[in-house]
Amino acid sequence: MSLLEVVVNPDTIRTTPPSSPEEFRSLMAGFPTGVAIVTAVDRTGRPWGMTCSALCSVSVDPPTLAVGMRAESPTLRAALDSDAFTVNLLHAQGRPAAELFASGAPDRFDSTRWSMPEHAAGPHLTEAAHAVADCRITQMVVVGNKRMVFGEVFQVSQLTDGDPLLYGSRHYGTWSATQTRSHR
């Protein structure tokens with residue numbers, strides 16, 4: 001058995017141009033992810049929301065999520081105004097809501113069921129989500145034309161036991177926990 005020695009030249013890495021947006025989209029299309037709708041309420045009480053697949057768990061203690069939003073997003077503006085946001089994790093039947101909130105339609109909250117429970121950070125999508133996390137903003141990081149917003153989860157609501165909605169290879173799909181259990 002022999003060892004392979006790899007020499008990395010940091011100057012080459014630093015000066016190599018970034019991948020094109022098309023190459024990066026193609027790469028990420030092969031990485032299925034859960035689908036969420038991030039919601040917030042602005043200073044006037046108006047609800048805002050957007051479909052988000054740039055979501056990840058950052059820490060369990062304190063419980064923290066990170067969401068990526070466009071710098072110009074009205075949902076981001078509402079979240080920053082209120083220092084809070086809500087993450088609605090969609091179930092398999094939540095695809096119409098995902099498409100609606102991705103469309104930019106101004107009447108999206110008129111076209112879907114939602115509620116604003118006491119102490120909620122933003123609207124809860126009661127028919128489209130299987131779980132909801134209410135978060136208070138702790139930090140924001142600028143990355144290109146996006147903002148990574150970190151939120152400490154202060155309230156979790158489990159709405160249903162439905163299979164989660166996924167997005168990958170430019171298609172929606174589902175992942176069934178029962179199918180996974182039977183293959184173990």
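## The largest pocket

Helix H2 gives the most to the lining of the largest pocket, contributing five residues, in what is a predicted model. The volume of this pocket is about 1400 Å³, and among the 35 residues that line the pocket, those closest to its centre are Arg25, Cys52, Ser53, Ala54 and Lys146.

Several elements each supply at least two residues of the lining, including helix H2 (21-29), strand E3 (47-52), helix H3 (74-82) and strand E8 (146-158).

## A buried aspartate

Asp134, which lies in strand E7 (residues 129-143), is buried yet has no salt bridge, and the nearest side chain of opposite charge, that of Arg136, is 9.8 Å away. The side chain of Asp134 is instead joined to that of His124 by a polar contact of 2.9 Å.

Leaving aside neighbours within four places in sequence, the residues in contact with Asp134 include Phe85, Thr86, Gly122, Glu152 and Phe154.

## Salt bridges

The count of salt bridges comes to four. In one of them Asp81 pairs with Arg43, with the closest N and O atoms 3.6 Å apart; this pair links distant parts of the chain, since Asp81 is in helix H3 and Arg43 is in the loop between strand E2 (36-41) and E3, 38 residues apart. Asp81 is partly exposed, with a relative accessible area of 30%, whereas Arg43 is exposed, at 70%.

Glu127 forms a salt bridge with Arg113, where the closest N and O atoms are 2.9 Å apart, and both residues are in the loop between H4 and E7, 14 residues apart. Arg113 is exposed, with a relative accessible area of 55%. Glu72 and Arg70 also meet through their side chains in a salt bridge, at 3.5 Å from N to O, and Arg70 is partly exposed, with a relative accessible area of 40%.

Methods
Residues numbered from 1 in each chain as written. Predicted model: local features only at pLDDT ≥ 70, side-chain atom pairs only at ≥ 80, totals over all residues. Heavy atoms only, no water. Helix = DSSP H or I, 4+ residues; strand = E, 2+ residues; numbered from the N terminus. Buried < 20%, exposed > 50% of the residue type's maximum accessible area, 1.4 Å probe, protein only. Lys, Arg positive; Asp, Glu negative; His and termini not counted. Polar contact = N/O pair within 3.5 Å; in protein donor to acceptor, adjacent residues only side chain to side chain. Contact = heavy atoms within 4.5 Å. 1 Å grid on protein atoms, 1.4 Å probe; cavity = no way out; pocket = protein on both sides within 12 Å on 5 of 7 lines; lining within 4 Å. Points joined across faces, edges and corners; volume = space filled by probe spheres on them.
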